[in-house]
Amino acid sequence: MARDYYALLGVARNATDQEIKRAYRKLARELHPDVNPEPEAQERFREVSTAYEVLTDAEKRRIVDLGGDPMENGGGAGGGFSGAGFGGLGDVFEAFFGGMNTSNPRKPRGRVQPGADSLLRTRLSLQECAVGVTKHLTVDTAILCDVCVGAGTNGNSKPVRCETCGGAGEVQTVQRSFLGQVMTSRPCPTCRGAGETIPDPCRKCGGDGRVRSRREIAAPIPAGVASGMRVRLAAQGEVGPGGGPAGDLYVEIVEQPHDTFVRDSDDLHCTIRVPMVDATLGTTVVIDTILDGPVELTIPAGTQPGEVSVLRGHGMPKLRANSRGDLIAHLDIVIPTKMDSKQSDLLRKYKAMRPSERTEVLSTQSEHNSGLFARLRASFSGR
Ligand SMILES: [Zn+2]
Ligand SMILES: [Zn+2]
């Protein structure tokens, strides 16, 4: 069972870093061993410190949100505690004073770091979303420096141990606080935590081991994607400092509006204008569908205003599934607004032939009324 780190801190699952920090501060004031020597308090302090460490680390928090436990198998910084005496002090100080790297206080973090993920957006037509497409995109990311191949050094020069921190990657200071006198550490300002410096850096990348570059990639977009979805291209993101492994590239879909169809998940909706007489006598119309070419739709005689006609399986393909949504045609029945005298005479003659039809306010119990609403409900929910 994965521990519920959110519950340990008493914060919501969508809590911001600020809210997490605030919640942790409040608990640390009650539970810190200097304040509360009870064994139970110390145990809880250990737990909330771990929760704080996990939830303020984007990668660990992501694992939690996916239902995992990043601290299982001793992952991360030794179960959240390290160093002699009571652990978690670094975390306390980060929460109170900010700005410390507490992920592993005793080891330099090294010069080589994994690269960040990148995100770019691409516009697709509804057609492209339906069929799938290989999009050729220009990507601007950090790539490995081809001169030093990530080493960051010039020619045969070598990195040397950082003089400021002696290679530890951190510098220690003694601070007085309401918790008493405590030693805190922060990343070395000279080597920025790497523990070493490069006196003779690579001329091309300045010692970073990577350079920015623009390149073309072909991104395969599967059929059925929709706006906001992201296609992941592994290891196509930023190369890390010191030539560290590249992050992933995410291509986010931005679907362009279509002339005829409005998309709702896997269904497509369109509106068909039906003249009153066509609705009365019945007719057919050809819909130019996205994937199936022209499809004939029959509008039966007696079609009522507001009715819909569903073409099952003529909607969008479902992503990575062998099925499709529906195409839903909304029938908009048009009453003529202008008629010449010949036409109105004709309608008056028609009216005279149907003397039982008259304009009236209906009871909700009336058969016509409930029938109409039931039909409307059925046509919307029965798909
Ligand atoms: Zn270089
Ligand atoms: Zn240093």
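Two strands are taken to pair if DSSP finds at least two bridges between them, and strands (E, at least two residues) and helices (H or I, at least four) are DSSP runs numbered from the N terminus. The model is predicted, so that local features need pLDDT of at least 70 and side-chain atom pairs count only at pLDDT 80 or more, while totals for chains, interfaces and linings use all residues. Residues are numbered from 1 along each chain as its sequence is written, chains are lettered from A and ligands numbered from 1 in the order in which they are written, and side-chain values use heavy atoms, with hydrogens and water left out.

**View 1. The three-stranded open sheet E1-E9-E8, with mixed pairing.** Strand E1 (118–124) and strand E8 (230–233) stand at the edges with a single partner strand each, so one side of each has no neighbour in the sheet. From one strand to the next the twist averages 25°, where axes are lines fitted to C-alpha atoms, for helices over the stretch in contact, and angles run from 0 to 180 degrees between N-to-C directions. E1 runs parallel to strand E9 (residues 249–255), to which seven bridges join it, and arginine 123 stands opposite valine 254 in E9.

**View 2. The site of the zinc ion (ligand 1), coordinated by the SG atoms of Cys145, Cys148, Cys202 and Cys205.** Along the sequence, the donor residues follow the spacing C-x2-C-x53-C-x2-C. Cysteine 202 and cysteine 205 are both buried, that is, under 20% relative accessible area (1.4 Å probe, protein chains only).

**View 3. The site of the zinc ion (ligand 2), coordinated by the SG atoms of Cys162, Cys165, Cys188 and Cys191.** These donors lie at 2.2 to 2.3 Å, and the angles of 102 to 117° that they subtend around the zinc ion (ligand 2) make the arrangement tetrahedral. The donor residues are spaced C-x2-C-x22-C-x2-C in sequence. Distant parts of the chain are linked here, with cysteine 162 in the loop between strand E3 (160–161) and strand E4 (170–177) and cysteine 188, 26 residues apart from it, in the loop between strand E5 (180–187) and strand E6 (196–197). Cysteine 162 counts as buried because its relative accessibility is 1%, and cysteine 188 counts as buried at 1% relative accessibility.

**View 4. The hairpin formed by E12 and E13, with five residues between the strands.** Strand E12 (residues 283–288) pairs with E13 in the antiparallel sense over six bridges, and proline 294 in E13 is the bridge partner of aspartate 288. Glycine 293, in the turn, has a positive phi of about 70°. In strand E13 (residues 294–299), Val295, Leu297 and Ile299 make up the covered face, whereas Pro294, Glu296 and Thr298 make up the uncovered one.

**View 5. The four-stranded open sheet E10-E11-E15-E14, with mixed pairing.** Strand E10 (262–264) and strand E14 (308–311) are the edge strands, each pairing on one side only. E10 and strand E11 (residues 267–275) run antiparallel and are joined by three bridges, with arginine 263 opposite leucine 268 in E11.

Definitions and conventions:
Donors are N, O and S atoms within 2.8 Å of the metal (3.2 Å for Na, K and Ca); water is not among the atoms, so sites may look incomplete. Four donors count as tetrahedral if all angles lie between 85 and 135 degrees; four count as square planar and six as octahedral if opposite donors are over 155 degrees apart and all others between 65 and 115; anything else is irregular. Buried means under 20% relative accessible area, exposed over 50%, partly exposed in between (1.4 Å probe, protein chains only).
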